[in-house]
Amino acid sequence: MLPSQSYVNISFFQPPAFLMIGIPGLEAVHGWISIPFSCMYTAALTGNCLILLAVRRTPSLHQPMYYFLSMLALTDVGLTLSTLPTTLAVLWFDHSLITFNACLVQLFFLHSFSVVESSVLLAMSFDRFVAISKPLRYAAVLTNTVITRIGLAIVARAVLSLFPVPFLLKRLNFCPNKILLSHSFCFHPDVMRRACADITINILYGLYVVVSTGGIDSLLIVLSYSLILHTVLGLASPRECVQAFNTCVSHILAVFVFFIPSISMSMIHRFGKHLPATVHSLVAYVYLVVSPVLNPIIYSVKSKPIRKAMLRGKGQG
């Protein structure tokens, strides 16, 4: 009975937990590395919460552009919180264990917030297109009801796209000797490669999610700005062109800050297996931390109303 029981036990294996790592090769200085990470997480949460507070407390900011900015800030808060507990646990306390189910939950929220951010950036490009191309109909097109529906559609899209992912992972047979992850958080391509089973379905579905969300969103954003550029170049005076383009600078920077690290991380996971593990870790942290940190800075620097409202909210706090 014992041999047959052993066979049953190992014929399908799911690890009770995975082992996470911080930055490979730099384990001895994780305590020092945790200082800039803690500062960046604090800056991300503080900056984005100040934006949310500023928009909520300032009636003059109750406009479509700033509602979408609030969505972006809320998404950045969620993206930050999805990795903060495990990353700081690894760096501060060398606590590297995460249970299998907790890992699935984390990667679901991590990828869901990434899809939401991509969708919000697309919605913001549509907002800029309507504001510049049809300024007289701007308020009529982007009503509060329409913005609410866009927000709900964005959340529904992310949840429906990522909902199958944990179940596709749970069906896999994992290798008992492959429980060490490449990051201090659970990332879908990283987790599925710990399996000893055929992961073709996981790869294809992951590719479908990337193409149907970030891929389509990036193309539509480029299309929106092509139409915006066509409209701006048709304006009468150079001064009007500059004014119209200035309203888009913050959003363009936010798009670059999100999509460049996102594309880099996807490319490295697919084609950069020969690269050192340190490169994989650093690109992942840039993707997850830099965007939530920089977005509040970009909008507070380029948008005077936001900057004033944030300073006023900070003073009241």
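## Terms and model

A residue is called buried when its relative accessible area is under 20%, exposed when that area is over 50%, and partly exposed in between, with a 1.4 Å probe and protein chains only. By this rule R157, at 22% relative accessibility, is partly exposed.

The model is predicted: local features need pLDDT of at least 70, side-chain atom pairs count only at pLDDT 80 or more, and totals for chains, interfaces and linings use all residues. Residues are numbered from 1 along each chain as its sequence is written, and side-chain values use heavy atoms, with hydrogens and water left out.

Helices (H or I, at least four residues) and strands (E, at least two) are DSSP runs, numbered from the N terminus. Contact means heavy atoms within 4.5 Å.

## Salt bridges

Side chains of opposite charge can pair when their charged atoms come close. A salt bridge here is a side-chain nitrogen of Lys or Arg within 4 Å of a carboxyl oxygen of Asp or Glu. The count by this rule is three salt bridges.

One of them joins the side chains of R157 and D217, with N and O 2.9 Å apart. R157 belongs to helix 6 (residues 144-162) and D217 to helix 9 (residues 200-233), so this pair ties together parts that are 60 residues apart in sequence. D217 is buried, because its relative accessibility is 1%.

D190 and R194 form another salt bridge, in which the closest N and O atoms are 2.8 Å apart. D190 has a relative accessible area of 3% and is therefore buried. R194 is buried as well, at 13% relative accessibility. A further salt bridge links the side chains of D127 and R128, at 2.9 Å from N to O. Both D127 and R128 are buried.

S82 lies in helix 3 (residues 64-93). With 11% relative accessibility, S82 is buried. Beyond residues up to four places away in sequence, S82 touches Q106 and L110.

T86 is also a helix 3 residue, and T86 is buried, since its relative accessible area is 12%. Setting aside neighbours within four places in sequence, T86 is in contact with M20, I98, Q106, S184 and F185.

V116 sits in helix 4 (residues 100-133) and is buried, at 12% relative accessibility. Not counting residues up to four places away in sequence, V116 touches T75, I154 and A158. The C-alpha atoms of V116 and R157 are 8.0 Å apart in space, while the two residues are 41 residues apart in sequence.

## A residue in helix 11

I298 is part of helix 11 (residues 277-302). A relative accessible area of 11% makes I298 buried. Apart from neighbours within four places in sequence, I298 is in contact with S250, L253, A254 and V257.

## Surface patches

Patches are made of residues with over 30% relative accessible area and no salt bridge; like charges are joined within 9 Å, and nonpolar side chains (Val, Leu, Ile, Met, Phe, Trp, Tyr) within 5 Å. Lys and Arg count as positive and Asp and Glu as negative, while His and the chain ends are not counted. The place of a charge is taken as NZ of Lys, CZ of Arg, CG of Asp or CD of Glu. Accessible areas come from the Shrake-Rupley method with a 1.4 Å probe, and for residues only the protein chains shown count as cover.

A patch of positive charge on the surface gathers K304, R307, K308 and R312. K304 is in helix 12 (residues 304-316) and is partly exposed, with a relative accessible area of 49%.

A nonpolar patch on the surface is formed by L26, V29, W32 and I35, which together have about 400 Å² of accessible area. I35 is in helix 2 (residues 30-57). At 43% relative accessibility, I35 is partly exposed.

## A positive phi

Most residues other than glycine have a negative phi. D94 has a positive phi, near 55°, and is a residue other than glycine. D94 lies in the loop between helix 3 and strand 2 (97-99). The relative accessible area of D94 is 60%, so D94 is exposed.
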